[in-house]
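Please keep the sequence and the structure in view while reading.

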Amino acid sequence: MKYSFRNDYSTICHKKVLEKLIECQDEQNIGYGEDIHTINAKRLIQEKIKNKSDVYFLVGGTQTNMTVISHILKPYEAVIACESGHINVHETGAIEGKGHKVLTAYSKDGKLTKELILNILNNHTDYHMVKPKMIYISNTTEIGSFYTLAELKSIYKCAKENDLYLFLDGARLASALAASDIDYPDYAKYTDVFYIGGTKNGSYLGEAVVFNDLNLSKEFQFSIKHSGAMMAKGFVASIPFEVLMEGNLYKEIGENENKCAIYLKEELKKLGYEFYSDSNTNQIFVNVNKKCAEYIEKEYSFEKWSDIDDDFLVIRLVTSFTTTIDICKDFISYMKAYKN
């Protein structure tokens, strides 16, 4: 295989993150997130977002979503999400397993709007039904779209007007930062809680949960431990963020991912391929016939996203911090050979 476009977490980590981990290999640190690396990583994040938010480090996205949502919501409260949202389709019922219903709305571009949220609220009117209490969005979304600052403000305003919390999944936040007009401080200002994804953005693991509403973070450590999400070696999850949050590396990773994905998209368009969604982030969704898919997988790995009909399907190509334009050029040359 020449290269994997299957996902953005196939490689262990960014070179600079690995160098930092090796540098720390002989250290002895306090456990459970009370170490100097965790303290430093929290400080760097607070400086980026320009806010004294509470910051915690967990291992992965599903674990983070489950722990945050179950911590905040009462047993009878539910979370609103897009039908394609990660908590609805890719987390094996983790949220429901904690006792919270996921109320979904269909959106072609994978984004919630004020109108979609209000429609759900209007259909949940009394105590015979679950109570919608949280809005869950992802930036970027599961289909590669992203929220603009105006859209984020609109959803946050809707949340506050309707006594809802806004939780933003930032598993691919580097890509969103590079694509949209939302900067770090905006996430602190227009969400109640969000997380900065490490796993899919150059780290070997880790997500940094940022509570902007400090009332919501009270006793969060109890929820982390109760959910089996607390690492004895907490510093292992925070060390990558010392690197990713230093300077502009995190956003640069997103910029590289997006640049490579956009190159792939534009060159595939020239070859006549059509797309499931118009993404300008690091995930692109290409419509191909099944013979073409078989040809591609001889040399490249990708995810089969969905069937279109008996002859065509959608494949997902994902770029990462390891992807280069030269790798993308080789892929396009390979595709040209098929077209010919």
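How much space lies in the second largest pocket? In this predicted model, about 160 Å³ of space lies in the second largest pocket, while the largest pocket has a volume of about 340 Å³.

**Pockets**

- The lining of the largest pocket consists of 21 residues, and those that lie nearest its centre are Tyr9, His86, Glu142, Arg172 and Lys200.
- Helix α3 (61-72) and strand β12 (303-307) each supply at least two residues of that lining, and α3 gives the most to the lining of the largest pocket, with 3 residues.
- By class, the lining of the largest pocket divides into 4 nonpolar, 9 polar and 8 charged residues.
- The second largest pocket is lined by Glu83, Ser84, Val89, Tyr106, Ser107, Lys108, Ile143, Tyr276 and Ser277, a set that comprises 4 nonpolar, 3 polar and 2 charged residues.

- The elements that give two or more residues to the lining of the largest cavity are α2 (36-49), β2 (54-58) and α10 (220-226), and β2 gives the most, with 3 residues.
- In terms of residue class, the lining of the largest cavity has 9 nonpolar, 4 polar and 1 charged residues.
- The second largest cavity has a volume of about 70 Å³, and its lining is made up of Ala81, Cys82, Ser84, Gly85, Gly110, Leu112, Tyr136, Ile137, Ser138, Thr141, Glu142 and Tyr147.
- At least two residues of the lining of the second largest cavity come from each of β3 (77-82) and β5 (131-138), and β5 gives the most, with 3 residues.
- That lining of the second largest cavity divides by class into 6 nonpolar, 5 polar and 1 charged residues.
- Ser84 is listed in the lining of the second largest cavity and also in that of the second largest pocket, whereas Glu142 lines the second largest cavity and is one of the residues that lie nearest the centre of the largest pocket.

**The sheet that contains β10**

- An open sheet is formed by 4 strands in the order β9-β10-β13-β12, with antiparallel pairing, and its edge strands are β9 and β12, each of which pairs on one side only.
- Strands of a sheet pair through backbone hydrogen bonds, and the sense of the pairing is either parallel or antiparallel.
- Strand β9 (residues 274-275) runs antiparallel to β10 and is joined to it by 2 bridges, with Phe275 having Val286 in β10 as its bridge partner.
- On the pairing between β10 and β13 (residues 312-318), 7 bridges are found in the antiparallel sense; here Gln283 stands opposite Val318 in β13, and Asn289 stands opposite Phe312 in β13.
- Strand β10 (residues 283-289) is largely enclosed by the rest of the structure, because 6 of its 7 residues are buried.
- Edge strand β12 also supplies at least two residues of the lining of the largest pocket.

**Helix α12**

- Helix α12 (residues 249-270) has 22 residues, which at 1.5 Å a residue should span 32 Å, and its end C-alpha atoms are 32 Å apart, so the two values agree.
- The buried residues in α12 are Leu249, Tyr250, Ile253, Gly254, Glu257, Asn258, Cys260, Ala261, Leu264, Lys265, Glu267 and Leu268.
- Just after α12, Gly272 takes a positive phi of about 95°.

**Cysteines**

- A disulfide is a covalent bond between the sulfur atoms of two cysteines.
- The count of disulfides comes to 0, where the cut-off requires a pair of cysteine sulfur atoms within 2.5 Å.
- The closest cysteine sulfur to that of Cys260 is in Cys328, and at 4.3 Å it is too far for a bond; Cys260, a residue of α12, counts as buried at 0% relative accessibility.
- For Cys82, the closest cysteine sulfur is in Cys158, and because the two sulfurs are 14 Å apart they are too far for a bond.
- Cys82 is buried, with a relative accessible area of 4%, and is among the residues that line the second largest cavity.

Conventions. Residues are numbered from 1 along each chain as its sequence is written. This is a predicted model: local features need pLDDT of at least 70, side-chain atom pairs count only at pLDDT 80 or more; totals for chains, interfaces and linings use all residues. Side-chain values use heavy atoms; hydrogens and water are left out. Ala, Val, Leu, Ile, Met, Phe, Trp, Tyr, Cys and Pro count as nonpolar, Asp, Glu, Lys and Arg as charged, and the others, Gly among them, as polar. On a 1 Å grid over the protein atoms alone, a cavity is a set of points where a 1.4 Å probe fits but cannot get out, and a pocket is an open set with protein on both sides within 12 Å along at least five of seven lines; lining residues have an atom within 4 Å of a point. Grid points are joined across faces, edges and corners, and a volume is the space filled by probe spheres set on the points. The expected span of a helix is 1.5 Å times one less than its number of residues. Buried means under 20% relative accessible area, exposed over 50%, partly exposed in between (1.4 Å probe, protein chains only). Two strands pair if DSSP finds at least two bridges between them.
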